[in-house]
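The sequence and structure come first, then the notes.

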Amino acid sequence: MVWKRRSYTYTKAQAPVLSGDLEEDLDLEEDEDLEVFSKNPSLAVGSSVSSSVVQGSLVHSPGALVRSSGSMVNQYGLEEEEEEEEEEARGGVPTRDLFVTVDHPESHVTAIETFIVYRVLARTTRGDFDSSEYEVHRRYQDFLWLRGKLEEGHPTLIIHPLPEKFVMKGLVERFSEDFIETRRRALQTFLSKTAEHPMLSRSPQLKVFLTEQDLTAIKKQGPSFLSRMGDSVRAAAIAVRGVRARPQEFGAMQDYADEFSCKMSALDKVTQRIIKEQNEYLEELSQYGPLYSQWAELEADLSEPLRGVAGCLDLCGRETEEQLRHLTEVLQPTLHQYLLCADTLKTVLRRRDHIQAEFEAKNDALASSAVSKKGDLETLKEEAAGLEERVESANSALKGDWARWGDAMRYDLREALVSTADKNQDYYEKCLAVWETFLLSQKTPPGQEED
Amino acid sequence: MVERETALLKKIDINVAESEKRSGKNTVNMQETYTVYLIEIRWVVERGGLPVGDSPWRRYSEFELLRTYLLVTYPFVVIPPLPEKRAEFVWHKLSADNLDPDFVERRRLGLENFLIRVASHSVLSKDKIFYQFLTEEKGWREAVLETGFQDKADSRLKSLSATLRVKNPDKSFTDLKQYSDELNSAISHLLRVRAKVADRMYGVYKVHGNYGRIFSEWSAIEKEMGDGLQSAGHHMDTHSASVDDILEEEEHYADQLKEYLFYTDALRSVCRKHELIQYELEMAVLDLASKKQQREELTTGAVRVFSLKGMSSKLFGQESPEQRESRLAALQQSIQASEDAVLDKNQECREFMRMSWEEVKRFKEQKDRELREALISYAIMQISMCKKVGDNMGTATCDPHHVTRTM
């Protein structure tokens, strides 16, 4: 299998905008593929993106499946090398040094509310972590907090979505096993993908999330809420004006995001429909088989083949259950997550547009002759330069991450579709065997059959 | 399926070759559209293969008339059933319309099957009316009515009354009746659920068709996965379309089960006839007993049981010895007739039981054999379906490495 090394080289220009108060906690090692973050983004030299995005055929590790759940133990050992190749294909850091799992959902009851708490395990070889293993307990709101912080810090990076908030949909219970399990898997995927991301895995908030026992104190910190308000008001004002000269490549990305969103939504719906129909099919099938057994009780010679058919139908029913399980646990969640990703894409593109619009507004102010004092002019020029930097870095971050995301998306969806097709293949092979066994039993006269 | 056991089938081939729509006035003088079927009889190949008779066109109601005639004329035979009058056990795609071409086609096969079964029966195949049905366009209807079979038919009331009042039906017949009731129930339940399963399966396959369209559209925006998605979409379409053939084959299986469902009615007919004859025998015996008793009373003068005669003789005085003598003589004759009747009925009863029991035995063997074959062909159908669909899946994925490479 031919594969090409991908490297996502982020230069200083692509340094993420950090939220001020946590800079002191940074102590990042140099990594050959990652440059050290500059604490002051405006010092960054505006250089173009040098991420080498290779088009063309892609690596596919045979047999390697995306594991959205399961113990970390599987990820070590003999399969490490395969894992590395796989990770590169998925757009991950070549050397994985942080592994996370989300498991053991438990009900937590307080005077005010009841909620589910998940156990989050982290294993790492990174030096910036004090220990190599951590165990904390987190609820859904904590994950929301983490993602919000990551978005703040990296507004134009594509961050994996979280499972949706609970919506009363029919009779689905908030605490139903299925709902909790689906949510757990999605949370697991979110954390794994974040830990794999070359930039996001270095986020201080991620570290805090994985290591601090009590998150409540830290969550209360941060100026974010009010400043975000301010930001969004400004953003809204600019949005009304809109961005003028959006570079063509981002326009193309916008079109792609819209189309992709459409397709994912459609696929999600179709898959849900199939699951529903398959469930109803199973229900009817479960009544069908036993009727042959009941008939067999009325018969003499005919009783044996009738029971045979009943047995076959029963076994085929079980295979159908297996097929359905795969749809519900693998294909459906993957499609749904990429549907949510599509929204993230659009959000990220929107933010980039805002950043550019802000710069354009500043430029307009500069160009207009309303500026009187020379001092004001200088300030304006500095501010404009700063905003230009922001635009550059936002663009590079987005372009780099877009390519990375695209690879991961293609890998994940391909895996999900191929594994579903394999499961279907499996189903037909197993059913075939069941009926052939029955046929064989009918060819030998009764009484001479072997087991 | 049919061995040429009878003299009739050794001579001729029977085919219900075609169907046609006709319009005409029905019995209440209203215009209606109906279907007629062409009955083609030919000499067997060894005898030249040329057509025999008029090749009549017959409609379903004429088949019904023939069957009723056979039921009345040969009550000890398990008469083969006709295909269903109205489409039952339908699932959503299947039409319940009698004029629907698929329904007409399946009915054509069913009618042909009926004729061949009658022709392969040792007794029924010799019937003249049956042969006329196969070969004479005109005059068949008059001929069958002329046999007066309708007068011979047991009224429903008589039959029902017998069923309710018979005291000692033969145990093997009561068992048979119970068996046919239970079998009827089992098969109809099975067919109902089968139809629902087919319906659901159809739904699952058809929804997969939507994948095809979406994958196609999606492939347009993906540079790298485009080919793979196109391929996947195509396979989804094929998969989705394959269900039509699968379910059509299953309908044939369902038709085989339906035939035996309707056979249970024929079995019940035989049981009812037995009950009727047995009941008539019991009535004849009772009748004889009461007449003998009357004779006794008349002879001894003792009135043991209340009778109108006894009452009236008390009120109006006894009759003269001459009157008594003549009455006694009449009674004696009546008793003689009754005794003959009992003997005849007894004979009829025994004959009926003997002949029908042989018939039932033959039928049971046929049923076990044919239903076993039906189950086997059902398994074969499932296997070929798995192979066909599995192959389609296979070319889509496994070469999964082919598809994924292009994806």
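## Aromatic pairs

Over all chains, the count comes to 24 aromatic pairs. The model is predicted.

A:Trp402 and A:Trp405 form a tilted pair, 6.3 Å centre to centre, with 50 degrees between the planes. Both lie in helix H9 (residues 374–443) of chain A. They are three residues apart, about one turn of the helix. A:Trp402 is buried, as is A:Trp405.

## A pair across chains

The ring centres of A:Trp435 and B:Tyr378 are 5.7 Å apart. Their planes stand at 90 degrees, so the pair is edge-to-face. A:Trp435 belongs to helix H9 of chain A and B:Tyr378 to helix H11 (residues 321–397) of chain B, so this pair joins two chains. Both A:Trp435 and B:Tyr378 are buried.

Ring pairs also build a cluster. Its members include A:Tyr256, A:Phe260, A:Trp402, B:Tyr211 and B:Trp218.

## The sheet in chain B

Three strands of chain B form an open, antiparallel sheet in the order E1-E2-E3. Strands E1 (12–25) and E3 (57–59) of chain B are the edges, each pairing on one side only. From one strand to the next, the twist averages 35 degrees.

Helix H2 (residues 60–73) of chain B packs on the sheet and touches E2 and E3 of chain B. Its direction makes about 80 degrees with that of E3(B). Helix H3 (residues 101–119) of chain B also packs on the sheet, touching E1 and E2 of chain B.

## Charges over rings

B:Arg58 in E3(B) stands opposite B:Tyr37. The charged end of B:Arg58 sits over the ring of B:Phe133, 4.8 Å from its centre. In chain A, A:Lys207 lies over the face of A:Phe129, at 5.6 Å from the ring centre.

Methods:
Residues numbered from 1 in each chain as written. Chains lettered and ligands numbered in written order. Predicted model: local features only at pLDDT ≥ 70, side-chain atom pairs only at ≥ 80, totals over all residues. Heavy atoms only, no water. Pairing = 2+ DSSP bridges. Helix = DSSP H or I, 4+ residues; strand = E, 2+ residues; numbered from the N terminus. Axes fitted to C-alpha atoms, helices over the stretch in contact; angles between N-to-C directions. Contact = heavy atoms within 4.5 Å. Phe/Tyr/Trp six-rings, centres within 6.5 Å; stacked < 30°, edge-to-face > 60°. Buried < 20%, exposed > 50% of the residue type's maximum accessible area, 1.4 Å probe, protein only. Lys NZ or Arg CZ within 6 Å of the ring centre and 35° of its normal.
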